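Good morning, colleagues. I would ask you to keep the sequence and the structure in view while I speak.

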Amino acid sequence: MERAFRHTALASHYLILFALFIYFKAKKYGEPISPGYILLSAVSILIHPYFLPMILGILLADIIDNTAVRQKPFRSFIVFVASIGLTFTAGLCSGIFMLGESQRSSGY
């Protein structure tokens, strides 16, 4: 419990829980894929990039499930592309992707 106050970025597992909540809520009520993944993936890279592969994995599971059940992949494709685009933009703006500079000297 004490480490949660020193390692706040790694104590943010609520991001994974929120992604699972979005997935199971959509599955339970038969809703289309949620655009909440877009914001969630962008926030996850700003908090810690460690969470991004897990959230994108849940997003891909939702895309596969949504495409297999409803046979309408267009909205899933839009959510996936928007999620990747906004995540890359947020990472670029926050300094995670330092182009042409060493990350040891400056940057994220």
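**Helices, packing and burial**

Ile 64 belongs to helix H4. From Ile 64 to Ser 76 the separation is 12 residues in sequence, and their C-alpha atoms lie 8.8 Å apart in space. Please bear in mind that this is a predicted model.

Let me now turn to the overall architecture. The protein contains 5 helices and 0 strands, and along the sequence its pattern reads α-α-α-α-α. It has 108 residues, of which 30% count as buried. The accessible surface of the protein amounts to about 7100 Å², and carbon and sulfur atoms contribute 70% of that surface. Among contacts with a separation of 6 or more, 65% are between residues 24 or more positions apart.

Next, a pair of helices. Two packed helices are described by the angle between their axes and the distance between the axes. How do H2 and H4 pack, in angle and in distance between axes? Helix H2, residues 14-29, packs with helix H4, residues 52-70, at an angle of about 5 degrees, and the axes are 9 Å apart. Angles under 35 degrees count as roughly parallel, and H2 and H4 are therefore roughly parallel to each other. On the H2 side, the residues in contact are Leu 15, Ile 16, Ala 19, Leu 20, Tyr 23, Ala 26 and Lys 27. They meet Met 54, Ile 55, Ile 58, Ala 61, Asp 62, Asp 65 and Arg 70 in H4. By class, this contact comprises 10 nonpolar and 4 charged residues, with no polar ones.

I now come to helix H3, residues 36-47. Its 12 residues reach 17 Å from the first C-alpha to the last, close to the 16 Å expected at 1.5 Å a residue. Which residues of H3 are buried? They are Tyr 37, Ile 38, Leu 40, Ser 41, Ala 42, Ser 44 and Ile 45. The buried residues of H3 pack against H2, H4 and helix H5, which covers 73-94.

Finally, consider Ser 83, which is found in helix H5. Is Ser 83 buried or exposed? Its relative accessible area is 1%, so Ser 83 is buried. Leaving aside residues up to four places away in sequence, Ser 83 touches Tyr 37, Ile 38, Ser 41, Leu 56 and Leu 59. Of these, Tyr 37, Ile 38 and Ser 41 are among the buried residues of H3.

Thank you for your attention.

Terms used. Residues numbered from 1 in each chain as written. Predicted model: local features only at pLDDT ≥ 70, side-chain atom pairs only at ≥ 80, totals over all residues. Heavy atoms only, no water. Axes fitted to C-alpha atoms, helices over the stretch in contact; angles between N-to-C directions. Helix = DSSP H or I, 4+ residues; strand = E, 2+ residues; numbered from the N terminus. Parallel < 35°, antiparallel > 145°, perpendicular 65-115°, else oblique. Contact = heavy atoms within 4.5 Å. Nonpolar A, V, L, I, M, F, W, Y, C, P; charged D, E, K, R; others polar. Buried < 20%, exposed > 50% of the residue type's maximum accessible area, 1.4 Å probe, protein only. Areas by Shrake-Rupley, 256 points an atom, 1.4 Å probe, with all protein chains shown as cover. Expected span 1.5 Å × (residues − 1).
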